[in-house]
Amino acid sequence: MLIAGFPAGAWGTNCYLVAPAAGEECVIIDPGHQAAPGVEEAIRKHRLKPVAVVLTHGHIDHVASVVPVCGAHDVPAWIHPDDRFMMSDPEKGIGRTIGMPLMGELTVGEPDDVRELTDGTKLELAGVELTVAHAPGHTKGSVTFGMPEAADVPPVLFSGDLLFAGSIGRTDFPGGSMDDMLESLARVVLPLDDSTVVLPGHNDYTTIGQERATNPYLRQVAAGQGAPGAPRRGM
């Protein structure tokens with residue numbers, strides 16, 4: 001299994017390309033702000049052929065390069081219907097003006113082919129199986145993508161802005177909810193095996209075992225208590 005990731009743009013959002021191996025078809029996860037050059041570099045380096053873009057949620061730092069990436073490779077984009085509006089109206093998704101310098105670099109709108117994600121769906125794309133889990137809290141339409149254990153890799157969770165190393169995504173944007181976030185952590189994250197590698201939307205990778213032991217939010221959820229006062233991350 002090949003997973004190539006890199007942080008992109010002003011918000012350092014992690015974009016991932018996933019393929020069975022170099023030289024094969026791939027799925028692109030969260031091509032955000034200024035991600036297109038990094039996507040093309042990874043495609044060339046690993047000799048990949050994109051077949052789809054999948055999105056953990058609709059915030060501009062995760063979707064800003066969807067139109068150029070999908071257009072360059074004539075592939076569809078998958079997103080949960082509750083977050084689809086943000087591709088065309090990104091400022092509505094964060095409740096404030098993004099800023100003219102950044103807006104001048106963005107291609108706002110939808111690609112030609114948009115498909116909607118639903119909870120529990122198993123996407124089989126490019127020889128990769130991704131299980132969709134609806135995980136609201138950061139946004140109403142946030143999802144995670146789970147990838148089962150393979151011969152050469154442990155199970156993987158592409159967590160978007162649900163779970164980070166030592167923290168969780170912020171819940172103060174429109175559509176965010178701490179109650180929903182805690183419920184998503186309990187339902188989506190806690191049942192996963194400790195060996196599961198977490199590839200988040202920002203910052204470094206971690207494991208479920210590490211987060212179960214040290215993440216203050218996950219520890220409180222596991223104990224059946226409310227949210228602690230630790231800082232949250234993400235745009």
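Q: Which residues line the second largest cavity?
A: Rolling a probe the size of a water molecule over the atoms shows where empty space is left. A cavity is a set of points on a 1 Å grid over the protein atoms alone where a 1.4 Å probe fits but cannot get out, and lining residues have an atom within 4 Å of a point. Here the second largest cavity is lined by T56, H57, A135, S142, V143, T144, S159, D161 and L162. This is a predicted model, in which local features need pLDDT of at least 70, side-chain atom pairs count only at pLDDT 80 or more, and totals for chains, interfaces and linings use all residues. Residues are numbered from 1 along each chain as its sequence is written, and side-chain values use heavy atoms, with hydrogens and water left out.

Q: What is the volume of the second largest cavity?
A: A volume is the space filled by probe spheres set on the points, which are joined across faces, edges and corners. For this cavity that gives about 30 Å³.

Q: Which residues of α7 are buried?
A: Buried means under 20% relative accessible area (1.4 Å probe, protein chains only). Helices are DSSP runs of H or I with at least four residues, strands are runs of E with at least two, and both are numbered from the N terminus. In α7, residues 178-189, the buried ones are M181, L182, S184, L185, V188 and V189. They lie on the same side of α7 because they cover an arc of only 160° around the axis, taken from the directions from the helix axis to the C-beta atoms.

Q: Is F6 buried or exposed?
A: F6 lies in strand β1 (residues 2-8) and is buried, at a relative accessible area of 17%.

Terms used:
1 Å grid on protein atoms, 1.4 Å probe; cavity = no way out; pocket = protein on both sides within 12 Å on 5 of 7 lines; lining within 4 Å. Expected span 1.5 Å × (residues − 1). Buried < 20%, exposed > 50% of the residue type's maximum accessible area, 1.4 Å probe, protein only.
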